Amino acid sequence: NDWKAAAEQGERLLARDPATQSDPDFYVRLAAAYRADSQPVRALATAGLGVSKFPASAPLQIAYLQLLKAEADAAMPRVLAAFPDNAEVHALAAQSLKGSGDSAGAMEETKRALAANPRLPHGYLQLAQLEIEVGQTDSAYAAIEMASKFGEDTKTVAQFALARGNALYKAATTSQKRDDFQRAMKFLALAAQLAPTAEAKFLVGASALSISQSAASEAPQSKSCDLSKLADSSLTEAEINLVGGGSAAPDVAKTYLDYVAKLRPYVADQIKSYCSPGGPRPD
């Protein structure tokens, strides 16, 4: 169990003995001795040297990978403690945590990285993705806004917002909840604002139409002026964007616009009934 002496003897053999130098298993044993003697860097270097000399040795490759992972896991806390204000170190820690499935931990490390350097490339977009993964969509929206303010390419930010908005829209079509459509529309509207595209406008219009339909269906139950106004403003938003983005899906856009035309008189009657001075008061 005298690993220090074992490692020293191994060094001598490796330096003087041709048979040892041609034995891939010896590099495995010497690397293990270094590791047992609390010399992880030398263990990794020895295994790496062996891999470069004997690339066909599976045991050597396995030993190298095991040492690499062990040292990476052990080194990260040391490096974080040594460089607490280094954005790149925190970003690397975030990447490691995300790879191990710890999205919440990765999110916190990304926040620390951005606190040290708000212009970290793709930092705010990575934060937004992590926040979406842990269910913090409002925070994700704010992070996307910050990305464009701190030097991220506007088109890249718009594409990111569009992709997330599209995913949220698809989820909303399953849940059919007005809040879900409103959440999706925020991301889609941001994408359309940053870099207008037919796809973004079409999806904004489709989301707005669903919001209008939901509000108009619910308003009569409580004779709500607020819901009637939401239905009216959302219907206008739907019409504008379906016309502007209709080229993304011409047939579907035409169907939706026909429905807008049918829904508008119904919403107008609600406004007249529930929002007139002598009509029912809002909830």
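The following dialogue explains how several descriptions of this predicted model are reached.

Tutor: This is a predicted model, in which local features need pLDDT of at least 70 and side-chain atom pairs count only at pLDDT 80 or more, while totals for chains, interfaces and linings use all residues. Residues are numbered from 1 along each chain as its sequence is written, and side-chain values use heavy atoms, with hydrogens and water left out.

Student: How many helices and strands does the protein chain have?

Tutor: The protein chain has 14 helices and 0 strands. Helices (H or I, at least four residues) and strands (E, at least two) are DSSP runs, numbered from the N terminus.

Student: Why is the pair Lys-4 and Asp-37 called a salt bridge?

Tutor: A salt bridge is a side-chain nitrogen of Lys or Arg within 4 Å of a carboxyl oxygen of Asp or Glu. The N to O distance between Lys-4 and Asp-37 is 3.3 Å, so the pair qualifies. Lys-4 lies in helix α1 (residues 3-16) and Asp-37 in the loop between α3 (24-36) and α4 (40-53), so the pair ties together parts that are 33 residues apart in sequence.

Student: Why is Asp-37 called buried?

Tutor: Buried means under 20% relative accessible area, exposed over 50%, and partly exposed in between (1.4 Å probe, protein chains only). Asp-37 has 15%, and is therefore buried. Lys-4, with 46%, is partly exposed.

Student: What makes Arg-178 and Glu-218 a salt bridge?

Tutor: Their side chains meet at 3.0 Å, N to O. Arg-178 lies in helix α11 and Glu-218 in helix α12, so this pair joins parts 40 residues apart in sequence. Arg-178 counts as buried at 17% relative accessibility, whereas Glu-218 is partly exposed at 33%.

Student: Why is Pro-196 called exposed?

Tutor: Pro-196 has a relative accessible area of 54%, and is therefore exposed. Pro-196 is found in the loop between α11 (178-194) and α12 (198-222). Leaving aside neighbours within four places in sequence, Pro-196 is in contact (heavy atoms within 4.5 Å) with Ala-191 and Lys-201.
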